[in-house]
Amino acid sequence: MADVTQQIGQGTFKPKAKTLPEAVFAWLLIGPAMLFIAIIVAWPLAETIRLSFMEAGLGGEEYVGLANYQDLVESRKFHQTIVRTFYWMFLSVGLKLVLGLIGATLLNAAVPGRALFRVLVMPPWIIPMAIGMIGWLWLYNGYFGVLSGSMMSLGITDGPFEFLAYKRSAFYSAVVADVWVGTPMVTLFFLAAMQGVSRDLYEAAWVDGAGRWYRFRRITIPQIMPVIVSMSLLSAIFTFNSFEVIWILTEGGPRSATTTLIIDTYKTAISNFKFGEGSARAVIIVILLGVFALLYLNVLKFVNRKYGTK
Amino acid sequence: MMDKYTKLQTVGIYAALLVFLTFILLPFFEMFMASLRPLEHLFRSPYQFWSDDFSFQAYSDMWDTVPLLGRYIFNSVFIATSVTLITMVFVVPAAYAYARLDFPFKNASLAIFLGVNMFTGAVLLIPLYRVLRSLGLLNTYWAMIVPGVAFLIPTGIWLLRSYLEKIPKELEEAAFVDGASRMYTLRRVVLPLATPGLIVVGTAVFIGAYAQQFLFAITFNQQRELQPLPAGLFEFIGYQDVTWNQMMAAALVGVLPVMVIFLFLQKYLVAGLTAGAVKE
Amino acid sequence: DGHAQELHFIMCGGEVRAADQAVVDQFEADNDGVTVNLEAVPWGTCQDKSLTLAAAGDPPSIAYMGSRTLRQLANNDLIVPANIQDDVIYQDGVLNTVTIEGTQWGYPHAFSTKALYINCDIVEASGQECVAPTTWDEMYAMAEGVVANTDSAGVGLAGKDFDNTMHQFLNYLYSNGGVVIDPATGESQLDSAQTRETLEFYGKLATVSQEGPTAWERDQLKDLFNDGQIAMYVQGPWGYGQHNEDINQLVAPVPAGPSGVSGTILITDSIVVFKGSGHEELAQELAQRITSGDSQYDLDSSWGLTPILDYAAMGKTDLYYEDGIWPNFTATISTGGPEPLLEDFKSLQSVFTNMIQGIILEDDTVDNLVTIAGEELADAL
Amino acid sequence: MATLDLNSISKSFGTAKVLHDISLAINDKEFVVFVGPSGCGKSTLLRIIAGLEEATSGQIIIGGEDVSAAHPVERGISMVFQSYALYPHLSVYENIAFPLRVQKLEKADMDARVHRAAEVLQLTDKLQLKPGQLSGGQRQRVAIGRSIVRNPKVFLFDEPLSNLDAALRGDMRVELSQLHKSLDATMVYVTHDQIEAMTMADRIVVLNGGRVEQFGTPMELYHHPKTKFVASFIGQPNMNLIPATVLATDASGIKVELIGGHQMALPVEAATVNKGDKVEVGIRPEHVALGDNGLEISVNVLERLGGVSITYGTIAGATRFCASLPGDAAIKEGEPMMLSVAPQDCHVFDASGDVLRRKSAPALVA
Amino acid sequence: MATLDLNSISKSFGTAKVLHDISLAINDKEFVVFVGPSGCGKSTLLRIIAGLEEATSGQIIIGGEDVSAAHPVERGISMVFQSYALYPHLSVYENIAFPLRVQKLEKADMDARVHRAAEVLQLTDKLQLKPGQLSGGQRQRVAIGRSIVRNPKVFLFDEPLSNLDAALRGDMRVELSQLHKSLDATMVYVTHDQIEAMTMADRIVVLNGGRVEQFGTPMELYHHPKTKFVASFIGQPNMNLIPATVLATDASGIKVELIGGHQMALPVEAATVNKGDKVEVGIRPEHVALGDNGLEISVNVLERLGGVSITYGTIAGATRFCASLPGDAAIKEGEPMMLSVAPQDCHVFDASGDVLRRKSAPALVA
Ligand SMILES: Nc1ncnc2c1ncn2[C@@H]1O[C@H](COP(=O)(O)OP(=O)(O)OP(=O)(O)O)[C@@H](O)[C@H]1O
Ligand SMILES: Nc1ncnc2c1ncn2[C@@H]1O[C@H](COP(=O)(O)OP(=O)(O)OP(=O)(O)O)[C@@H](O)[C@H]1O
Ligand SMILES: [Mg+2]
Ligand SMILES: [Mg+2]
């Protein structure tokens, strides 16, 4: 095998393709997606921002400067809506995270049947939200729904209870339904994160005498903290903009008890055709979410410092 | 031994799972029960768990009440599948660029993509309508596919990006040294390796597309034959009556294809999600 | 001429009635090369959809929708005025529902008035005689009796964030001599003693109503009525056919309040012709055809609607609405009031739901609620 | 008193039996190393001792007490994992303090113990760092720190050095040996690196395919391997095994002809072989010297390490032979060389791989 | 002709300069090894040669041609990555054929070349397997196969053996050396393992902090390290460095007093030091012998490797000293021993780490 190279490769090797400069190649790759978004979304977005400075309806439009924003800044109702929206978001996201953690822990437990259980968690994520909410409408019905029915037959209440009729109960009922929609995704992402935690760590802790709860608290939680944080941001954006749930259950009522920013925006822009005012609301949503995301990223930094490896 | 549970613990776990799954499946249970009851007995108080007149009648009647039901289910799956495929076509190269390449305005453009995530389709409906009309896409499948794709591209890029980052860079360098062009490398080396990631992201996009159809469908499409299931279900609402039992039956049947798909994919999904979830 | 033209016809309600379909088919047959693309859209999304299309500059040619949208459409120059032929004689008040400052903007096509349905089985089970109440006091007393002596609720109330919450309230308001908008000046008349009395009565009714009226809309009350959960509620003429046959129902005009006589809300849905579709002429023709004479009669009678035209005056005989429960629905036409025509009808609706939910949920006093509602309505005008 | 006795431990995963009836008696304060090729069951055995895995049958007795069903903490063991299994989100201090926090120790007491351990392991100035900021050797020490704070009776180590580079490995070997002395505890150590085994162990357990091949001191294994497996596993470079035929046997030993024709008289017990039997003669690379006659090796590769030169070659063109010669030996690649071997340094294995006992064992110094 | 010349190569990542003005002339068919501690820039330099990284300044000249801006393929190089970088989804056959497919070679031609390479590397029966089904050594060979099918002029290897365990590493070293001979190509090989460097290289480049410390044959580096860094990097166990004070200098050398009091006369060039200067005396562990006088070492740890015993101890209670003694040396842990050293085996380094040239260089055999 003295002249292996002669035998194996005759002739010199010619490169097939001239390589493109990296930046050009990168933009060739991103270009289509960018272009697509630009055509489909960017223009409507720009339009939304432009309209927010207009008094615009079905007819013409007229430049009004910051008047739309001024109205909102001065409106007590709008302030209440913002406060309510954040309350809605924190409560719902919080519950999703807690339930997601519990659910993921359960689905991660080494018990027979867990593959099936994992599939059974999926439906609320898969089913179109509009349809899922019709299911909840049924559940919440005081006369014909199973919840009120069970409460009656268990003697918790005398007569029917109409969940969506009262300001508080409607709000919390909507939260529960929203949590229901969002929990599967959170659960499955947490589950996946938990599966990524090295088994060694648990064994080490076990050898050191740590019980299940201790291991959960001191190993599982810190280990999946980055996922918890990133999921909660994603979930917060989804929840903030959660529309179908409220729209189908209560349309924002009773007495605005479930009117969040996105509902208010939709009502203003689409139902009432006050495009200008609606757009201003949409822009405010993005600003609020942007600020929130920024704050959150700082939290993320802190969390990374606390729970990270550096 | 660490994973061994005492009898009590096992019972506890199953009990907790029961509660958890009850919460998750309760509305489906309710929908299922409703689908079994004859319409005239749907509204009976007090609530009865069980009655003798349960039947699967609605499951056969629904095809008559809404003759296009099968078509709607097909449309739903078709639209979601198309959205998924097209989205992936856009997402894969872009995600690859963000995962691997260095270029001007990298972070800025990524931020723009993510900004799209914060606007929901709902507030952009009217300008969107104008765009679709000027593109001549109204009342076609495209009217539902195109906006779906647009709103799922950012999420897709975000999720897939962290996946591609995990593919050892050396593999690409090896291909580079061997004379492969960038596209050849992407096609022959990167994508085959990213298959689990593609499945994960594809599934997430599919579910997103499947659940997102309603608003776009009712606004951008007037052709009945093209409507997806959520819009089609409204046909169970007539002037006089809402045939709730059939509507519920149709909704449950409509979810079935996706559940079946997921059954096949779930092991990839669960194993692969971590990669997308954490940015490293 | 033989040019192929397609009329886009949005039909709100989610279903195309056979009577309308027949007219459309005939229309297509008579006009060579013309097709009508009939799109049936459920109420929940239909009007938003038509308006969205119009706002986006791609209006349907013709649409069947609630007359309440007319002002908005007209003010924004999205529709053309209707051209109602002289031989079409509407019932009293009907044209008011499509007329804005003297111009008629739509062809009224479906008309409803409301009356009180009473489940005599329940009333009698509570030990009362099943006689139609003529005043609010009588009505309340009957409902109270039901609550006291049976498991059922006295009355079904609609209070959800939905249009018919306002409609239901207006039945009582108009039965108490109330006015929402002064037809002459166009100003808000909501802040009045009549409104206060009505709202106060609503508050009283809420104490004898079904559980949680704020979660219910009118059409769901039917299910409660059928299930024997409520002894009475206000509904349109179609209710009669929807109620279980074994219920011994009594129909009566909405009882009169202390300051008025029995009335009803007059609601119409209209055919409107959109501007800029390119087929306005044809659309007008179709609209006229579908809303006149026999076509309209077929629809009304087959559907069981309050007669929209004065068919007697038009020379028809053997009319479907002359006997049975019908007098309860036709008698109040002349004393009824229109659904207020407001450009921003969603705001109008929320002014009312806010006020009504306020009293049902005991959030505020009648006085405050009415005062606030009056101000809000004035703002919205 | 922390003796550790294994009584007939067997372990199956499903149908695969990975440990066969293993019995060992480990003395108090002994440093025992498990070696063996990959997959032979070392980790499994260690995990069974730790209580992380349940034996299919057999008993674990620690300090005279049967702990087969006990929780790891109750067994009084601690374990250092191959991957260290440090908690990446906790500081060095918290990592070491972890077992004490579990015990809900008082703050002051805990503090004192952590600092004591940190001092011993020279980690005092690293206590506030996260594991990610430490070098490989420092991580190793944190893992050890975590295992010593709670004063276990038996330490278990699973290949703790396999992640380190050669230099650090050498240092850590020394540190661990010193630790063993200062802690005076029983230690069981798993490795597949025979150098580690030789340098650290009081006694070595050689495992092969889930069975104990030999259990003895390093020098016993080096000089008196019981089987061919042990002989070729212990010693670096590996022992050369040269096919040979028995020419004659007598009381003083056997006479063999090696492949290639060289004949030797070897002082081993000849009871189990007969004339004409095929045997293998084992010669360690370091037991040869350049000579004028003896084995003729053709040198293929020559590695000069400075202090020693290692040659790789073949006997009779086929059997590979490695020799380790002191200094810059005067040989060249591609040329033949003659090597002499002292007969008393040779090992002989019969066809089944068992050794013929050597009559003249070298004195054991250790 | 595949000479490889580096002219003043510098490389910065942002503000961090990781390679400083590196110039090397590598001969045709030479086997050159880059060694150095982690982070010294070995991989960076190799990647610059490969064309994977661009030098901040300087030229790469292969076979007399300036290829500084050329694509890897145009340079006629191929590279074996530390991790092998095999395509896990492709079979062995497809892995090896990859560069040929890129080239769109004809099927028959490609087939022939792949099979030829597989034969050379003894992979013929593995062609249908996926990399995941191969052992470490086989993977290594697939990676090499992929690099030889297209006949490169220069082979680059980045720590190809660092993933393997000790035994496999030894085998692979031998295989690579043989490959070098049979391929007759220029090879550049990166490692941080000095044993690999010593055993495989024709010449070694010692890198430190992005600079070339020394470039020479293994024996040159072993016997004539230019700096303290090279001296302590080459040789295993590491050279001992003992602080000393210069007592006198003259033409024959210098006289020093080592820490602990032992005095020695060392035959080195004394031009750069003066009486009273602090120097360090370097003594390799293998260059000592047990004696009656000389250095007094207290032995802390004793490792018996069979053929050799390694002791770790201290001089004067502080400076660490390692000795490698042949056989089972008669010493005990915890007891002192006396070691003698030949003066001509000692190295002397001045305060800046540069060596004082030794007058009596041992003969270089290689
Ligand atoms: N959970 C398990 N299920 C099935 N087989 C297993 C399991 N754990 C280990 N084995 C098998 O048991 C045998 C022994 O494994 P073990 O981990 O003890 O080997 P080892 O000696 O530690 O090897 P290494 O040096 O590679 O770590 C192996 O063949 C392995 O495949
Ligand atoms: N892309 C980069 N950006 C910034 N610094 C880098 C980059 N790549 C390498 N470096 C730095 O350059 C120096 C040399 O790195 P290099 O990888 O060449 O080291 P090495 O000698 O190969 O080390 P090792 O033996 O650990 O592989 C290191 O300090 C490293 O941190
Ligand atoms: Mg192991
Ligand atoms: Mg490197």
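M2(B), M118(B) and R182(B) supply 9% of what chain B buries against chain A, more than any other three residues. In contact terms, 91 residues of chain B meet 94 residues of chain A, where contact means heavy atoms within 4.5 Å. Of the 8 pairs of chains in contact, A and B share the most contacts. How many salt bridges are there between chain B and chain A? The count is 0, taking a salt bridge as a side-chain nitrogen of Lys or Arg within 4 Å of a carboxyl oxygen of Asp or Glu.

A quick word on the ground rules. This is a predicted model, where local features need pLDDT of at least 70 and side-chain atom pairs count only at pLDDT 80 or more, while totals for chains, interfaces and linings use all residues. Residues are numbered from 1 along each chain as its sequence is written, chains are lettered from A and ligands numbered from 1 in the order in which they are written, and side-chain values use heavy atoms, with hydrogens and water left out.

Stay with chain B for a moment. Its secondary structure comes to 11 helices and 0 strands, with helices (H or I, at least four residues) and strands (E, at least two) taken as DSSP runs, numbered from the N terminus. Of the 280 residues in chain B, 61% are buried; that means under 20% relative accessible area, with exposed being over 50% and partly exposed in between (1.4 Å probe, protein chains only). Among the contacts in chain B with a separation of 6 or more, 75% are between residues 24 or more positions apart.

Other chains don't meet at all. Chain C and chain D have no contact, and their closest C-alpha atoms lie 50 Å apart. Chain C and chain E have no contact either, with 51 Å between their closest C-alpha atoms.

Now zoom in on chain D. Where they meet, 8 residues of domain 1 are in contact with 7 residues of domain 2, and the area buried between them is about 630 Å², 56% of it from carbon and sulfur atoms. On the domain 1 side, Y222(D), K228(D) and A231(D) lose the most area to domain 2, together 75% of what that side buries. The rule finds 1 salt bridge across this interface. K228(D) also forms a salt bridge with E280(D), the closest N and O atoms being 2.7 Å apart. As for Y222(D), R284(D) lies over its face at 4.1 Å from the ring centre; that calls for NZ of Lys or CZ of Arg within 6 Å of the ring centre and within 35 degrees of the ring normal.

On to the aromatic rings. Rings of Phe, Tyr and Trp (its six-membered ring) pair if their centres lie within 6.5 Å, and planes under 30 degrees apart count as stacked, over 60 as edge-to-face and the rest as tilted. Over all chains that gives 63 aromatic pairs. One of them is Y311(C) with Y321(C): the ring centres are 6.4 Å apart and the planes sit at 45 degrees, so the pair is tilted. Both residues belong to the loop between α11 (293–303) and α12 (326–330) of chain C, 10 residues apart. Y311(C) counts as buried because its relative accessibility is 0%, and Y321(C) counts as buried at 10%. Compare F229(D) and F233(D), whose ring centres are 5.7 Å apart with planes at 15 degrees, so this pair is stacked. These two lie in helix α9 (residues 228–233) of chain D, 4 residues apart, about one turn of the helix. F229(D) is partly exposed at 21%, whereas F233(D) is buried at 16%.

Back in chain C, ring pairs link a cluster that includes Y297(C), Y311(C), Y321(C) and W326(C). K316(C) lies over the face of Y297(C), 4.9 Å from the ring centre. L309(C), in the loop between α11 and α12, is buried at 0% relative accessibility and touches residues including Y90(C), M314(C) and Y321(C).

Notes. Buried area is the accessible area (1.4 Å probe) that two parts lose on being put together, summed over both. Lists of a residue's contacts leave out its neighbours within four places in sequence.
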